[in-house]
Amino acid sequence: MIRRLSPELTRRIAAGEVITRPLDAVRELIENALDATATRIEIELGGGGLDFLEVRDNGVGIPEAEVALAPLRHTTSKLAGESLADIATLGFRGEALWSIAWAGELSLLTRPPGQLGATLLRARGDRITTERARGPQGTRARVTGLFAELPARLRTQASPAAEYREVLALVGRYVLHRPELHWRVVLDGETRLSHAPGDVRAAVASVYGALPANRLLTVDAAGVHGAVSRPELTRPRRDRMHLAVNGRPVEFPAELERAVLRAYGELLPQGQAPLAVLSLEVPPAWIDPNVHPHKARVALARLDELAARLEAAVRAALAAHPLAGALPALR
Ligand code: ADP
Ligand code: MG
């Protein structure tokens, strides 16, 4: 017999599709902190994120009168008009906090700079309470009991160690692309990543260590910014190639990765890849972040043109290298 799911169950299932693992909640909360123009972002997890996960920022906070709206579905302060064409923020769907509140229990302690006291909100499904509290400027978002009522999701979770690896990789990508901020990651009480404001070189040092940081060439041409490693620092995998488009870290499209490798030409041994942290600015209309639930994959228009820009920019950085004479002519 076909019957309709209860509204409660429908919501829980929808939430479990946006938040499939602690990492998803961490990503959404970091994006909110960045959208709140925070200069300091701290991420803390316990028990692989299933016991608790927390993101603290010193951003704009949420005014007392608006806090209770934040965990509702499709409520956002980021889309002023009806157009999806020129989104400048990382969030815009107003779905993250709603999903988190339905996948577990959410609390927000938040205070905008001008407001005297803070507000503490607790949301579990549609049970939402708020009270006045003490708190620093900014927002502390805390999630507990993730998937406690989604047993199937709970069963398929990775080990805490595997989740922590992914969290460190995720935050590492943000650090590389936003090195001007303070970042800290604490896992089971231990500081695992810490970064003080600096340039991309400082970020590479925080994420990968001093050795690769000392072997970087600056990229700054054709609307592409960042750094790539000298050809002598190579890896058998492409796992240290990072791209941000208009400030949003995205999966490096294979076609654009190839353009970077092409720029090295013969300088790069067969099958090897460089370290690359590249940031591309394109007109907002060329990018559609709306194709993927986590917005990690974006649809990019004019890939050919972007590939040519990346290749030229990396080529220009390598031109300073003593072996640059070995570079093949640009096609
Ligand atoms: P979205 O980010 O798509 O707008 P969310 O559900 O992630 O949707 O957040 C809902 C709203 O709550 C945001 O639009 C913002 O106004 C507010 N908010 C959430 N997190 C923060 C934060 N860390 N600092 C300030 N405001 C926040
Ligand atoms: Mg958001």
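Trainee: How far apart do the C-alpha centres of domain 1 and domain 2 lie?

Mentor: In this predicted model, the C-alpha centres of domain 1 and domain 2 lie 29 Å apart, where the domain assignment gives residues 7-83 + 90-195 as domain 1 and residues 203-326 as domain 2.

Trainee: How do you know which residues of domain 1 and domain 2 are in contact, and how many are there?

Mentor: Two residues are in contact if their C-beta atoms, placed from the backbone, lie within 7 Å, and 14 residues of domain 1 are in contact with 12 residues of domain 2. On the domain 1 side, helix 2 (22-35), helix 5 (160-177) and strand 8 (190-195) each supply at least two residues, and helix 5 gives the most, with 6 residues. By class, this side of domain 1 has 7 nonpolar, 4 polar and 3 charged residues.

Trainee: Why are helix 8 and helix 9 called roughly parallel to each other?

Mentor: Helix 8 (residues 254-264) and helix 9 (residues 303-318) pack at an angle of about 30°, with their axes 8 Å apart. Angles under 35 degrees count as roughly parallel, and therefore helix 8 and helix 9 are roughly parallel to each other. The crossing of the two helices is right-handed.

Trainee: Which residues make the contact of helix 8 with helix 9, and how many of them are nonpolar, polar or charged?

Mentor: Helix 8 contributes Glu255, Leu256, Ala259, Val260, Arg262, Ala263 and Tyr264, while helix 9 contributes Leu303, Leu306, Ala307, Leu310, Glu311, Val314, Arg315 and Leu318. By class, the contact has 11 nonpolar, no polar and 4 charged residues.

Note on methods:
Residues numbered from 1 in each chain as written. Chains lettered and ligands numbered in written order. Predicted model: local features only at pLDDT ≥ 70, side-chain atom pairs only at ≥ 80, totals over all residues. Axes fitted to C-alpha atoms, helices over the stretch in contact; angles between N-to-C directions. Helix = DSSP H or I, 4+ residues; strand = E, 2+ residues; numbered from the N terminus. Parallel < 35°, antiparallel > 145°, perpendicular 65-115°, else oblique. Left-handed = near helix turned anticlockwise from the far one by under 90°. Nonpolar A, V, L, I, M, F, W, Y, C, P; charged D, E, K, R; others polar. Domains from an automatic or database assignment.
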